[in-house]
Structures are given as structure tokens and as C-alpha cells.
Amino acid sequence: MKKLLLAMMVILTISISSVFAGGQSEETQAKEDENIVLEWWTWDADLKEKNQEIIAAYEEKHPNVTINNTIVSTKEYWTKIRILANQNKLPDVFTMSSSTLEEWAENGLVLELDSYIDSDNTREIFYPKLLDAVKDVSATDHYYALPFALVTTTLFYNKDAFDEAGLEYPNDDWTWDDFRSAAKKLTVDKDNDGTIDQYGYWFYGRYAHVEPWVYANGGSLLNHDTMRFEPDAAALEALEMLTDLVLVDKSAPTQKDMSSVRQQDVFPLEMAAMWTDGSWNINNNRLVADPSLNWGIAKIPTGPSTDNPITYAWADSYSIAPNTKHPQEAWEFTKYVAGEGLSLDMYLVGKIPSFKALTESDAFADPNQKPAEMYILKEQADSEMTTSFTKGWSEWRGYGAAESLGLNGLIDGVINGEMSLDEALTKGTNSINTVLARYYK
Amino acid sequence: MKNRKLLWHSRFAPWLFLLPTIIGLLVFRLIPIVWAFVLSFTQWSLLGSPNFVGLSNFIEAFNTEAFLQTFSNTIEFSLIYVVGSIIFGLFLAVLINIKIKSIAFFRAVIYLPVVTSAVAVGIVWNWILGPNIGLVHSILANLNITAPYWLGDPKLALTTVASVQVWKMAGYSMILFLSGLQGISAETLEAAIVDGASKVQRFFRITLPMLSPTVFFVLTVSIIDSFKNFELIYAMTKGGPQNSTNTLVYDVYLNAFVYYRVGYASAVAFVLLVFVGVLTLLNFYIKRHWAQPLE
């Protein structure tokens, strides 16, 4: 009898609590309808606090919206977010790279933004050229991402070294011959011990070191009709000019000679007087270079084969999950974090905001900081631009953990004296096209 | 009677205690292994669902020159590592198998690289071996010798990285050899001394034969270890120059997490698995026929 009583009490307790629990969950459901939660994924851990400021400001204006920011470091970001995509659990708003947008758009993993962009003032407050640059990398006629920052490639040069050699600073009229002869004059053995202390220029097979010259000569590494590796005459001319700096002029070092220095430190440590890489390196130059060192930036000299050089530049953007429950709210927030919500101190110096008001503000070019030529970045943002990304790019180009392989490895092989440029191109055509054929039938 | 009633679950009790381990083993090891085997017959970029492609990943691998080079790099790395860590480890063990003050300190110092992160070891050795500004370069330059490009020369890079791995792990085989050495009875050695055996004779005729079970154990352990070279290669050469230090584990990483060719990466992983499997069988065969302790 006692047992029966006990059992009945247990059943009663359970049923009562479940009724309450039911009521509670309905209540939270109602709350959720009012309160929209957006998941926002980014990869820059340095911006953790700034992101919270953005969220606080946004939530104040939109009391019904809650934003959750998740930061995953760049090394793991793509693996994690690909798995989320596979599970249909993409965050509502997430950082998108120019190198991956084509694949994501093709797989239907990013929301098409055409109607949103056309229905409000997006085209007025953001640089339209940048919007279109991101449309181009998607390889479609649609917008799948809203850029928040552009990076371009520039020629960094050591003004002190130029002064010492009695050379004029690079300007827009500089030809490749001017560049080559300056590089020779800037190559000096300061202590006469038989080893060069300052090279005129330096590069290795890295994309941001080589492609700027290809595009400044109006060339292309790929045949874009067939999507195969088929460098045209202008591209070959650029590759030849660069490799000749090492092999003929001796005004640039081999790749293996510079391998024990972080690549971004060679120029600020004054081991080379000129260098080409992404504009975000302005930040590292400021950190690493001797504060008294005078240095500047210039556009990549226009090659002999063209009158219309193209700027090698690419954007970082935000995309929206195609299955987001709140597309309109996600779009509003995307526009906010790509524009109005940002301040210049959230950009690595040298990255160019796509939001006009920021780039055109006086604070963009701090007159007390080097380089004095920040206006060049603005000019580049307004010029004709291209990127070099394709599907399978990191494999055929040799990027990141594969940096010593692919085209990067082959160019290194040429300047290290392991093979001729012709041999490298023959080898490259074979292996690169095997990769490209996997993605482009 | 009452006791027997409670005994009904005694058959399940051991399973209950084993359950956490079994679940862990299944979820984190066995199921992923089976799943990876299935994936090796597919093409999958993590986006979308895997496409079944039959044996084409394996066919592609064995028809690619770069893969065959990667395969032979793996074998070469293992050879250098296994031979190096046995000889170097034994050398260190003999060296410190003496009773002097603070010998424990030296043992700890030699063992230190084993517990140091491979990435840190790689970065430090990159500096030491670096061209122009590296320590080795400077020392050799003072002796009027031009240092080679340890990591920049495709003919040298693999040997260099494998040697750094030997340096890092030699402390481990040293400890194993040391315990073996200390198991050799002093009486046998004393008897040999009385018989007039030289130091060299004592080492090769007595110490080494009596160590053979330890040698076998170190051989087995270092063969297994020799395939775990990802971190050092990532920190030092990233598979280059010209693919010369790319090994199967590094290739698995590149294909899975850089190129997102998960199917192909799984196929490469299974080629490695089969290879390690064959070596292990060979090991057992050797153990049965050779490495018996001397009576």
C-alpha cells in the first residue's frame, strides 16, 4: 500500500512539473518571436572587444535583436564553417573571403543580395567598384557578399636608401627599366665584406609578390575562357623581368637566402630597399621598422606591354546564410558591420574600408604616420581591379601550408637556380592544369 | 536467497565499467576509421555530400609523380629517423650510464627536447640553420667554410628535418636504452674484464647482444614515431623546397585542410595505414626470429 502511494505521488509530481514546463516553453517561444537572435562569425581575434562595442551599439538601436559573435582564428575558420555549411547550420552573418566566394556561390551556400542592394542606399554609401569586384570573384552576375575592406598591392620603398643612392622616388611615370636600374643601384654591400647588405628589391613565388607585376603589365596567368594555366606574353614578360632581377641583375636575393626572416620583415628590417605585397603590411612596417626610417608606398610601375595597368586587389566581405530565418534583419546588421558600425581603428592600417565615409574621412591618412602616400590606396580603390582567385587556388598557386608547392614553389625553384623559367612553366602547366581540370571541366 | 537475487546484474557489471572506454574508442577512433575508409572512395569538399568515385583517388595518387615522391620521402625520413635515433640514443645512453655527481641533471637536459613542442623546436632550428644570419652559418664562416642551404637545398632538406627530429627524440630512446643498460649485470662485465676483453670488445660482444630486446623495442617505437613528422615539417619547410620534404602525413593535412579534398586525403591516409601495417607485421616476424634475449 505504501509502495502504491509512493508511486502515485511520483507520477503526480512528474505530471505537474511537466505542465509547468510546457507553459514555460510556450512563453519563451513567444519571447523568441519578439527577440531575434543573429549569429555572427568573424576570424579576427584582435577585434573581440571592438566587436562587442559594435554589438552593444547595434542592440541599442535595435532592442529586439540580439547578436552573438563567434571568433574562430583564420587557420580553423574555413574547416569549421564548411562543416556548419554541410550541416545546414551556417551562422546568419559570416566573414567571406574573395578566394572562396566562387565555390560557396556555386554550392548555394550564400544568400543572393541583389534585391537588398537595389532597394536601399547601399550603392551610395559603399564604393560601387568594390561591390562589383566582389560580384566578379563570385563568377556570377549576382551579389553574394558585401565587402567591408579592400586590400591592394603596392610597391614599398625605402626613402632613405633612395636618398643615399641619389635616386628619385618612384612615381606614376616609372617604367620597368627605371625600376630595374634603381634596383641595381640600391643593391649595396655596405661593409665591403663581399655579402650584399641591402638588396634593391626582393620577392619570392608568393602570389602578392608576383601577380601585381603580371597585372601591371596587362597580363594574365590563366586563359579565362578555358580556365587553364596559360600565361600570356605580358605575363611571361613579368615573370622574366622578376626572375632576371635575381638571375641576371643580382639586384634581388634568392628565396633560400631570405628564408630565415619572416617574409613581412625583410623590407622593414632594411634588407631590401623595395618590395611588393599587400597594403595591410603598412601596419607591420610601422611596428617593425626603425621609427626613424623613412619609407613610402607607390603604385606598381606600369609594364611595357600595356597602357592600362590593372590593380591587383581583393576584398574581405560578409555573406548571409541562405537559410537564415531573418534575412531582412541579417541584411540590416551586415550593412551595419560592413559600414556605419565600423571605425578606422578596427582596420589594420592599409586596409581600405568599403564604406565611403570612413575612407574619405581625414583620419584615414594620419599625417603623423608613415607612409605619406596613403592617398595612393584611395586611388587604387577607384581604379580597375582584379583578383587571381579560382577554385582550387591554394593548391595550384601554393598558398599557406602549401606555400612551398604549386606555382609558388616553382618560381622559388627558378630564382634558387634549380630550374629554368621554361622548365618551371612546362612543369607548372602540367600540374596546375591537373588541378584546374578537377574544378573546371 | 536474497543475495542471489542481487547477483543477476553481475554479468553486466564489467561491461558497465568498460562502457565509457568503449564509447570513447568507438566515437573517437573506430567509427572515424571506418568512415574515413568509406570516404577514401569518394570526392568530398566538406560542402555538400560526398560523391562516390570508386578507386579513382587511389589511381590518381599512384599516377602522380609528386605523390610517389612523397611516398619515397616518407620512407627516407623514417629510415634516417629510425637509424639515427637508435645510434644516437644508444650513444647518449652509454655516455650517461655512469655514476657521477648530478648525472640526473644531464639526463633531464638531454630528455628536455622530447617534451618540447615540435613547433618551437622547428622555429629554433630554423634560426640555427638559417642562411646568412644563422648560428651554424656564422660558425662555419669563421672557419672559412661556406655553409650549405640546410633547408633550402632540395637534396639536403629532408635529411636536415629528419636529423632535427632525431635530435628532438633521441632523449626518449636514450631513456629506454639506459634502463636496458642498467639491467645488464655488472658481474658479466667484470668477468669479461678479468678475461682481458677490451672496452670495444665488451661493448660489441656483451653489452650490445644483451641489449637486443631493448634494441628491438626502440626499433618498434621509433618506426611508429617516424611517421609522426607533421609538426616539424609544418614549422620548418612546409613540404618544400620542390616537394622534397613532403611526407604522407603532411600530404594528408594539405589535402584535407588546405585543399579540402577530404576523399583524396582519406585515400592517402589509408595508403599510409597499409604501409605501417606491413611494417608492423614485419616487426613481429623479426621479433619471433631474431630479437630473442640471449640465454
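**Contact between the two domains of chain A**

Between domain 1 of chain A and domain 2 of chain A there are 3 salt bridges (a side-chain nitrogen of Lys or Arg within 4 Å of a carboxyl oxygen of Asp or Glu). This is a predicted model, in which local features need pLDDT of at least 70 and side-chain atom pairs count only at pLDDT 80 or more, while totals for chains, interfaces and linings use all residues. Residues are numbered from 1 along each chain as its sequence is written, chains are lettered from A, and side-chain values use heavy atoms, without hydrogens and water.

**Polar and charged pairs**
- One salt bridge joins the side chains of A:Lys159 and A:Glu373, at 2.7 Å from N to O.
- Across the two domains of chain A, 10 residue pairs are in polar contact, both residues at pLDDT 80 or more.
- A polar contact is a pair of N or O atoms within 3.5 Å; within protein, one must be able to donate a hydrogen and the other to accept it, and residues adjacent in sequence count only if both atoms are side-chain atoms.

**The domain 1 side**
- α4 (101–106), β9 (311–320) and α15 (375–381) of chain A each give two or more residues to the side of domain 1 that touches domain 2.
- Helices (H or I, at least four residues) and strands (E, at least two) are DSSP runs, numbered from the N terminus.
- The largest share of this side, 4 residues, comes from α15(A).

**Domain layout**
- Domain 1 of chain A covers 36–151 + 313–381, and domain 2 covers 154–311 + 389–439, with bounds from an automatic or database domain assignment.
- Taken over C-alpha atoms, the centres of the two domains are 29 Å apart.
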